[in-house]
Amino acid sequence: MEGDTDLQFLLVGGDLLKVRSSSWKKTRFYKLQEDCQTMWHESKKTFKFKQTFSIKDISAVRAGRQSEGLRKNTEEPVEGRCFSIIFKGRRKNLDLMASSEEEAKQWVTSLEKIIWIFNCLRKADKNSDNKLSLKELKDFLHQINIEVDDQYAEKLFQECDQSKCGHLAGDEIEHFYSLLTHRQEIDTIYGEYAKTMGFMSAENLLEFLIKEQREEATLADAHRLINKYELDDKAKEKQLMTQDGFLMYLHMPEGLVLNPTHKAVHQDMSQPLNHYFISSSHNTYLMEDQLKGPSSTEAYARALIKGCRCVELDCWDGSDGEPVIYHGYTLTSKILFKDTIKAIKEYAFKTSDYPVILSLENHCSVEQQRVMAQHMSSILGSALLTSPLGDQMPTGFPSPEELKERFLVKGKRLTKLEACFGPEETAGDDGSLTEEEEDDKEEEEEEKKKEGKKLKLAKELSDMVIYCKSVHFNGFQDAKDNLGFYEMSSFKERKAMALAEESANSYIHHNVDKLSRIYPAGTRTDSSNYNPVPLWNAGCQIVSLNFQTSCNDMDVNQGRFLTNGKTGYVLKPAYMRDLGSEFDPITLTAGPWLQHKTLHLMIISAQQLPKVNQKKTSIVDALVKVEIHGVPADTADKETPYIGNNGFNPMWNENFKFDVYVPELALVRFVVEDHDSVTDNDFVGQFTVPFTSLQMGKLSYPAIHMFTD
C-alpha cells in the first residue's frame, strides 16, 4: 500500500481526544506503526509510546456518536468530530474525537480502508495459507469493486508470480497491490518536475506550484510543504519531496480544488446585513416530511451546526400555558417553545459567530405570546437584540460584524421602528400573525377560516422585532415608497420565481434596500426543495430550504455557503449592492458583472468509490458529471462516459470546457454516479464549490473529496 494517501495519513498520525467520561477527555497522539498492523499512542504527559491495539483486533470503525459512551459524554454539536473503534471480543470501545469533521472523516476512512484491505485479503484466502491463487485473486478483485476478464486477471497474476509456483505470497501480494493502485497520471506530472536525483527539490516544487497550480508561491512555501507532507526522513533532511510526499500534498488542503484561503472568513463582514446571502432553513423543527414526521430540537442543532443563520419557529398554543412548535393542522409531533429556544442558544454559535435570525410563524394567543417573549428574554439574555444599535433612528441595517453572537427576531410589529426613539405610538393589538404572507387571496381566506378569526399581537413580543418586521408585499414601487428598510416580506417560491424571471432588476433593487425571505410551496409535503439559484440571482438573501432533505438543491445551497469560514453569510457581488445597478440575470446586458472566463477541466480519475448497490455481484459503473449553476447563460452540464465494472480506480482523462460569463454568481458541482441503463443512475457522491473559490491553474492537479450525503 505504499503511496496510498490514507495509509500515509495513519503513518503520520495525529492528536485525538480520548473520551472516557464527561469529565475525562484527554489528548493522545495516535500513529500506525511501520508494520501497518499496530496502532500506538503517545501520552502528552509522559511522551512515552505504548502499544494500544492491533489492526486485526478491530471489528468496526463507526463515525459519529454511535457508541453509548459518546452519546452520554459528548453533545450533539460534535457529532461530526466523533468516532469509535469497536474491538472484537470483550475489549471496551475506544471513543475518540478529532479537532474537525474533516479530520474525523479522514481517520475513519483511513482505518476502514486498512481494515478492509486486510479483511478482503483474508476472505480471498479461502484456505488460510497466506497465499493467493488465481481464483482467490479474482475473488479479491471483485470484493474491492473491480470486475476484470479472465485474460487480464491471469496477466496480472503472472506478472506478480515471480516465483512461478502458481500462487502469490509476501512481497508478491505487495507487488500485486502496488500494480492495482498505481496512478499513471501522478507518475507523469511528478516525473516532469522531479529533476533532482529523481526527486523534487524545493526549487522543483516551487516551479510546479507556479506553473501548474498558478500560485503566488515562494521558496519558503515549497520548504514548508516538504516539511509538512514528506514522510521519508532522509528525503526531508535533504529538502527533497518523494512521489509519496507529493501524492500526500495533492490530497491535503493545499492540493484540493477549494482555495484554502477561502475556507476561513475572507470577505468584508462590515457591510449592511441585507448585502449578504444568508443560509436559511424552512420549518427547521421537522426531521422528515411536512405532514406526519417528528419535530425535534435536534433538527435545530443540525441546521445550526451546518451554518444555518435563519431558523423558523412555527408557534402554537400548547397545554399548561406553554407554547409549542409544530406544523399546524398536521400530524407532526410537538416540541416546547422554551426547549427550542434553549437548543438554539446552545448550538447557535458553535459553527459561526455571526447573527442568528429567529423567524417566528406566530399563531399563539396573546397570553402565550407573552410567555414566548418571557422565554426568549430569560434564556437568550443580552444576546437577544431588543433595540436598534446606536442612540438614534438608523437608516440602514447594521453589519454581521456588529451583530456577532446576537439573536434577531423576525415577525410582526405593532409600531414603526421610529417609536423606539420618540413618543410611543398607540399600540393596537390587531394584526394578522401569519408570517408566510400569501399572495393568493384564496389561500388567505382559507387560512382565516382555519383560524376562525384574526389573532392579536402581544406588545412584549412585538417590541422584540427590530430589524426584521414582517409586512405584506404590495409591489416593488409600494415597498420603495412606503416601507422602511427594516420592513421585509416573505415570498412563496412560485411568486418569487415569477418575480425573479419577469422583474429581476426590480427585485435586485428591492433587495439592495430591504430583506426578502423565500420559502417552499405548501405542496412540498415530502419536504422536497426548489432551486435556490434563480433567487440568489435576483439578490434574495434568505432563501429557505428544507435542511433535512439531501438533494441536488441542498447540495448547491451548502456549496454556496461552503466558503467564508462557513459563517452562513456570503457577501453579494458589488453590482447587487448598488441601487443604480442595471444588472439583469435574464437579459444579461453589458456591465461590470460580465467577466467572461473559460473553465477548462480534465476529469482524470477516481479512487476507491463506495458501492451504492449492496448486492454482492454489483460493481460500480462510474461516471462523472460537471454542472455549472448560475445565471441562465452560464447554466450547463457535461458528463464523462461510464467506466464499466470499476469503482476502485476508474480513469477517464476527459476534457471539458465551459464558458462562464458571470463568475461571481456561478457554482461548480462535481457529481459521481453509478451508471444504470434501465433506471436512473445511482448517486455516489458530490462536491459543490463557488466558481470564484476554485483553485485556478493553467494546468492544475487538485483533488476533490466527495460528500456522500
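Student: How many helices and strands does the secondary structure of the chain come to?

Tutor: The chain has 21 helices and 26 strands. Keep in mind that this is a predicted model.

Student: What share of the residues counts as buried?

Tutor: Burial is read from relative accessible area, and buried means under 20%. Here the chain has 709 residues, and 53% of them count as buried. The accessible surface of the chain is about 32100 Å². Carbon and sulfur atoms hold 48% of that surface.

Student: How do I read contacts along the sequence?

Tutor: Look at how far apart the partners sit in sequence. Take the contacts between residues at least 6 apart. In this chain, 67% of those join residues at least 24 apart.

Student: How many salt bridges does the count come to?

Tutor: A salt bridge needs a side-chain nitrogen of Lys or Arg within 4 Å of a carboxyl oxygen of Asp or Glu. By this rule there are 19 salt bridges.

Student: Which residues are linked with R65 in a network of salt bridges?

Tutor: E76 and E79 join R65 in that network. Start with E76. The closest N and O atoms of E76 and R65 are 3.4 Å apart. E76 lies in the loop between α2 (68-73) and β6 (82-87), and R65 in the loop between β5 (58-63) and α2, so the pair ties together parts eleven residues apart in sequence.

Student: And E79?

Tutor: The closest N and O atoms of E79 and R65 are 3.6 Å apart. E79 also lies in the loop between α2 and β6, so its bridge to R65 ties together parts that are 14 residues apart in sequence.

Student: Which of these residues are buried, and which is partly exposed?

Tutor: E76 and R65 are both buried. R65 has 13% relative accessibility. E79 is partly exposed, at 29%.

Student: Where do E627 and R669 lie?

Tutor: Their side chains meet in a salt bridge, 3.1 Å from N to O. E627 lies in strand β22 (residues 622-629) and R669 in strand β25 (residues 667-674), so the pair ties together parts 42 residues apart in sequence. E627 is buried at 14% relative accessibility. R669 is buried too, with a relative accessible area of 2%.

Student: Which residues gather in a patch of negative charge on the surface?

Tutor: A patch takes residues with over 30% relative accessible area and no salt bridge. In this chain, E34, D35, D232, D233 and E237 gather in a negative patch. Take D233. This residue lies in helix α10 (residues 233-237).

Student: Is D233 buried or exposed?

Tutor: D233 is exposed, with a relative accessible area of 55%.

Technical notes
Residues numbered from 1 in each chain as written. Predicted model: local features only at pLDDT ≥ 70, side-chain atom pairs only at ≥ 80, totals over all residues. Heavy atoms only, no water. Patch = residues over 30% accessible without salt bridge, like charges linked within 9 Å, V, L, I, M, F, W, Y side chains within 5 Å. Areas by Shrake-Rupley, 256 points an atom, 1.4 Å probe, with all protein chains shown as cover. Lys, Arg positive; Asp, Glu negative; His and termini not counted. Charge placed at Lys NZ, Arg CZ, Asp CG, Glu CD. Helix = DSSP H or I, 4+ residues; strand = E, 2+ residues; numbered from the N terminus. Buried < 20%, exposed > 50% of the residue type's maximum accessible area, 1.4 Å probe, protein only. Contact = heavy atoms within 4.5 Å.
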